[in-house]
Amino acid sequence: MAYSEKVIDHYQNPKNVGTLDKASKNVGTGLVGAPECGDVMRLQIEVNHETGMITDAKFKTFGCGSAIASSSLATEWLKGKSVEDALKIDNMTIVEELNLPPVKIHCSVLAEDAIKAAINDYREKNGMEKIKFEESVIH
Amino acid sequence: MLNLPIYLDNNATTPMDPRVLEAMTPYFLKHFGNAASRNHPFGWEAEEAVDYAREQVAKLIGADPKEIIFTSGATEADNLGIKGIFEMYATKGNHIITATTEHKAVLDTCKHIEKQGGEVTYLNVQPDGLIDLKELEAAIKPTTILIALMYANNEIGAVMPIKEISAIARKHGVLVFTDATQAVGKIPVDVNKDGIDLMAFTAHKMYGPKGVGALYVRRKNPRVKVTAQMDGGGHERGMRSGTLNVPGIVGFGKACEICMLDMEADTKRISKLRDKLEESLMLLEEAYVNGSREHRLPHVSNISFKHVEGEGLLMGFNKNIALSSGSACTSASLEPSYVLKALGLGDDLAHSSLRFGLSRFTTEEEIDYTIKSISDTVLKLREMSPLWEMYKEGIDLNTIEWSGH
């Protein structure tokens, strides 16, 4: 299966690979997927309490090229966004941006789930209620 | 000079040997006759060429030329061998013994037989990929007519103890079928010494053309017969109708002849390269060879690189190196290899594997390039892997509640 140029670019030059201090109160961590499914994504955001803006985002992903590209792209989009706007990132925008084929849509779903999980982790740490999300449509 | 891309997926198919192509060419253009045309020189030439090839093929496996039934490939030979025995020996019994690590051509044929009222026992394999002979013997019943076990596995290269298997079969009056697709031409296979009654193999895994294979069917001690699976002109002693693929068969014969002549030298050279590749990659942390290293084809290696996903790993170099992974992440089901799972590998290791198949044409330069390329990619992806980070921090990944998706 041929990968799109954008997927190849993110795979070869992934943006924002790394680790933020998960003990820090202004860092939210989302860990989604499972090793037996062949992909695990960990996405972290650093939030400025006062402005509600995401000041930094990092990821590490175990998975195929599309999974790596989806998480790399997600971190790029997260940086500089407000938490509120980050919640609006939809997996289908990732699919369109990366030209993911149907069999790889789950990679984008995973990235969306990771964003939501990171935001909820941040909210929980800071005494806010977790947002209840609808279950992802595609599993 | 190093030519890219490098081909290391020789368990899928091999390139043709130029000597094989040379032997085949005249049979497309000049000697195009139908081997079944008995009344003119075109037919005679074709028949003569097929007879000669039949001898070349038979010689490689220590058989009599009359015991070779040409087919379209190993899948057809698997179907003909197993279904043909099931139908021919229906009055004797309906039970077949096979293993969970067989090729789909055998497993799906057995599933078909179950639907037809047959009974199939699927033996589990040990962590090295080989069956337990005691378990095999214990599975034999009065209704058992056939033991169908592969000679060498296509994913890990593990070589089954065929002699011991056939000795047990003989003791109980059961026939032995083996899918020897990966073994014939690579290691010495002798149907008499090995006690094989039926054997499927194909040309394109031994530097021959695609679209031609054979079923060996024993004619003496015991005389074995299979029920034809295709109706027609009664070619191949009535066991396989259909006009013979003369150029393909000529190429198959030539490929067998070359394998017989070159096997020893090829094996020596290729296994040295394989060992170099394997030993160098094993220098990486958390790399594991899958399946038996002792009882194994000389040109195969299957290695898992823990905490790196196979398809992601392939992407790092698959423009330049052709390999296959045990992780079939291209389907929505994300199923890792059933063969690796049968060895008892966890999903994580099964998802992290690469299969190397070297060939007569593999060079040391290609192996050196491959070692470097794969090592670099593994290290790069581990830097990017959350699992690797957790492992390095001493976190037991089994204690984490994964969300799945």
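**Backbone and domains of chain B**

B:His307 sits in the loop between β10 and α9 (310–315) of chain B; helices (H or I, at least four residues) and strands (E, at least two) are DSSP runs, numbered from the N terminus. B:His307 is not a glycine, yet its phi is positive, about 70°. The residue is buried, with 26 other C-beta atoms within 10 Å. Buried means 20 or more other C-beta atoms within 10 Å of its own, with C-beta atoms placed from the backbone.

This is a predicted model: local features need pLDDT of at least 70, side-chain atom pairs count only at pLDDT 80 or more, and totals for chains, interfaces and linings use all residues. Residues are numbered from 1 along each chain as its sequence is written, while chains are lettered from A and ligands numbered from 1 in the order in which they are written.

B:Glu236 also has a positive phi, about 50°, without being a glycine. It lies in the loop between β8 and α8 of chain B. B:Glu236 counts as buried because it has 20 C-beta neighbours inside 10 Å.

The loop between β8 (213–217) and α8 (246–281) holds B:Pro222 too. The peptide bond from B:Asn221 to B:Pro222 is cis, with omega near -10°. Another cis bond joins B:Leu4 and B:Pro5, with omega about -5°.

Now the domains. Chain B has domain 1 (6–11 + 263–380) and domain 2 (18–259), with bounds from an automatic or database domain assignment. Their C-alpha centres lie 28 Å apart. In domain 1, 21 residues are in contact with 22 residues of domain 2; contact means C-beta atoms, placed from the backbone, within 7 Å.

Definitions and conventions. Contact = placed C-beta atoms within 7 Å. Buried ≥ 20, exposed ≤ 12 C-beta atoms within 10 Å, placed from the backbone.
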